[in-house]
Structure formats: structure tokens, C-alpha cells
Amino acid sequence: MKTLYPEIEPFDSGMLKVSDIHEVHYERCGNPDGIPVVFLHGGPGGGLLPMYRRFFDPKAYHIVLFDQRGSGKSTPHAELKENTTWDLINDIESLREKFGIGKWFVFGGSWGSTLSLAYAETHPDRCSGLILRGIFLTRKKELDWFYQYGASEIFPDFWERYRDEIPEAERGDFMTAYYKRLTGDDEAVRLSAARAWSVWEGSTSKLLPSADLMEHWEGAHEALQLARIECHYFMNNSFFPTEDYLIENVEKIRHLPTVIVQGRYDVVCPITSAWELHKAFPEAEFIVVPDAGHSVSEPGITSALVDAMDKFKEKAAV
Ligand code: STX
């Protein structure tokens with residue numbers, strides 16, 4: 001089993017102005033002359049964690065990470081205006097150009113896999129390869145499963161808080177009910193809804209539930225960015241023109257070296273989506289981790305991701 005590389009600090013970080021209102025926080029780690037890779041975090045709205053720097057050999061890789069619009073240290077915090085998938089794709093391009101990178105590996109899990117696929121299908125010539133984990137294609141059936149009915153049958157205990165935030169009369173459509181509260185004027189209602197929404201995700205992400213993860217998403221800053229931005233994207237089909245957009249356009253990226261890593265017991269993004277991507281993109285290496293849920297910190301998932309990046313490094317060195 002492989003584990004994360006040691007803790008590392010960025011050699012460069014800053015804010016990039018990407019629109020009239022948004023500034024995006026970025027970090028660069030590792031070797032500025034190394035193989036470029038961009039890290040795309042989850043949510044949308046998840047923001048960066050220091051551990052995300054550690055999947056890549058810092059001697060071999062030039063690692064670029066950024067907080068997507070409204071997330072983490074990007075400003076304004078949890079802002080929904082001018083915040084769409086296409087804006088994020090443009091931001092990735094702005095960062096690539098700013099750092100003088102021609103092509104890079106794209107590494108993303110969960111929503112990060114969604115955004116990786118959308119970016120690669122839009123700019124295939126800018127990608128050296130893809131490393132995708134916990135595949136999420138943002139289709140209605142995936143959203144219904146997690147936010148309406150399905151995951152509720154596996155985690156009925158954690159489901160109660162998410163459910164009880166919404167009065168019975170509105171429970172026929174949790175997404176709409178949450179959207180109303182997360183975007184309303186009452187700050188206390190917003191925060192309470194945001195916490196219930198985000199803790200639900202934090203509670204269900206690991207095969208063995210983690211108190212630390214639940215606590216993290218209880219934080220006001222973390223809860224508001226994740227819940228508001230996710231709900232905004234999901235109310236808008238994540239700004240894709242069709243329901244199956246990412247699968248429909250997969251032909252554009254089938255030449256790219258790609259690894260798909262999926263936990264068998266992923267309750268947030270069930271394996272069906274990874275399986276459908278595997279069928280549509282059979283050239284990609286498909287790794288099912290038999291004893292893992294959704295989280296990137298599941299030991300088997302971390303190991304598979306570090307190993308995938310080590311193999312790309314070895315290939316590049318030949
Ligand atoms: N959200 C999928 C996603 O991207 C429906 C995701 N799942 N958990 C996360 O992100 C956190 C890491 C932000 C908890």
C-alpha cells in the first residue's frame with residue numbers, strides 16, 4: 001500500500017482576478033520545472049485541504065491547486081453569481097496560461113472528476129492525461145440517490161438531521177427546499193441548512209464514518225461554501241446542456257491516458273457512474289478499490305492514486 005508524500009508548503013501562492021467580482025486563490029507546490037498537474041477539488045464548493053498537495057512526488061511534479069470560485073480562500077466567499085462550470089473551465093485555462101504551462105495532467109475526485117471530464121472534453125489538447133476518482137456525472141439519478149432517496153436507506157441515522165431541516169410538506173423535493181433556505185435572507189436559516197446539508201455529505205463519505213470529517217463540515221465557512229455552491233450547481237444541471245453531456249462527449253478524450261479509481265462502497269457517488277464511464281471509455285484503466293467508500297482519504301483509494309501518479313512519472317522519465 002502506498003501512502004501520501006510528506007507534508008509540503010507551496011513555493012508560490014496568490015490570488016488571480018478572474019471576473020469583475022471573483023478572485024481565485026491558487027498554490028503551486030513541488031518542482032517548478034517538473035511535470036505539470038492541476039488538482040481539481042470536490043463539491044463544487046469543497047475548497048482545498050493541505051493533504052491534496054501530497055498525491056504527487058514533489059521532486060517530479062509541478063503541482064497547481066486552486067480554490068474554485070466561492071470556495072476556500074477564493075473571494076467573495078460562497079458567491080453564486082458568475083459561478084458556473086464554464087467559468088471554472090475558463091479559470092483553469094487562465095491559471096494554465098499564467099504559469100506558462102502547455103499541457104498538464106488533470107487530477108480530480110467526485111465533483112473534481114466531473115470538472116476534469118468537462119475541462120478535458122473542452123480542451124483535450126491541453127491535457128497530458130486524467131486521474132479520476134469517485135466518478136460523479138451530476139445526472140438527476142445521482143442527485144436523487146444522494147439528496148432525495150437511496151443513500152437515506154444506508155445511513156438512516158445521519159439522514160435524520162438532513163431530513164428534519166425541511167418541514168414535511170416540502171420533503172417531496174429536498175433540493176428545491178434547501179435551495180430556498182440556502183439562498184434566502186435569513187442568515188440563521190442559511191447556516192442551519194448549510195450545516196445539515198454539508199454534514200450529511202461528510203457523514204456518508206467514508207466506509208467507516210469519521211467524526212473529524214463531520215466536524216469539519218459543521219464549520220460555518222466550510223458548510224456555507226459547500227452547501228450553497230453545490231445546491232446552486234445541482235439546481236442548474238451543473239450548467240451542462242444535456243443530462244448525459246459528459247458521456248456523450250467522451251469520444252473527445254478517449255486518446256488521453258486515463259485512470260479511473262472508484263471505491264466499491266461509495267454511497268455519495270455510487271459505482272454505477274464509474275462503471276458507465278468505463279463502458280464508454282474502455283481504454284481508461286479502471287480500478288475498483290474493494291474496501292473503500294467515497295473519500296479520497298480511504299487508504300486503498302489514496303494508495304491507488306499515489307501509485308497512478310508514480311506510474312505516469314516513471315513513463316515520462318523513460
Ligand atoms: N458532491 C460530490 C463531491 O464532489 C455531491 C463531494 N463529495 N464530498 C465532497 O465533495 C467533499 C470532499 C467536499 C466532502
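## The loop between β4 and α1

Ala78 lies in the loop between β4 and α1. Helices and strands here are DSSP runs, numbered from the N terminus (helices: H or I, at least four residues; strands: E, at least two). Ala78 has a positive phi of about 60°, although it is not a glycine. Most residues other than glycine have a negative phi, and most peptide bonds are trans.

Pro76 is also in the loop between β4 and α1 (85–98). A cis peptide bond joins Thr75 to Pro76, with omega about -10°.

## About the model

This is a predicted model: local features need pLDDT of at least 70, side-chain atom pairs count only at pLDDT 80 or more, and totals for chains, interfaces and linings use all residues. Residues are numbered from 1 along each chain as its sequence is written, and side-chain values use heavy atoms, with hydrogens and water left out.

## A cis bond at Gly43

The peptide bond from Gly43 to Pro44 is cis, with omega near 5°. Pro44 is found in the loop between β3 (35–40) and β4 (61–66). Gly43 is also one of the closest residues to the ligand.

## The shell around the ligand

How many residues surround the ligand? There are 13. A residue counts as near if one of its heavy atoms lies within 4 Å. The closest are Gly43, Ser110, Trp111, Glu201 and Glu230.

The shell divides into six nonpolar, five polar and two charged residues. Asp, Glu, Lys and Arg count as charged; Ala, Val, Leu, Ile, Met, Phe, Trp, Tyr, Cys and Pro count as nonpolar; the others, Gly among them, are polar. Helix α9 (residues 220–234) gives the most to the shell, with three residues. Domain 1 (12–137 + 239–317) and domain 2 (141–238) each supply at least three. Those bounds come from an automatic or database domain assignment.

## Contacts and burial

Which atoms of Ser110 and Trp111 lie by the ligand's oxygen atoms? For Ser110, a polar side-chain atom lies 2.6 Å from a ligand oxygen. For Trp111, a backbone N or O atom lies 2.7 Å from a ligand oxygen. A polar side-chain atom of His294 lies 3.2 Å from a ligand nitrogen. A polar contact here is a pair of N or O atoms within 3.5 Å.

Taken alone, the ligand exposes 380 Å², and the protein buries 91% of that. Accessible areas come from the Shrake-Rupley method with a 1.4 Å probe.

Note on methods. Polar contact = N/O pair within 3.5 Å; in protein donor to acceptor, adjacent residues only side chain to side chain.
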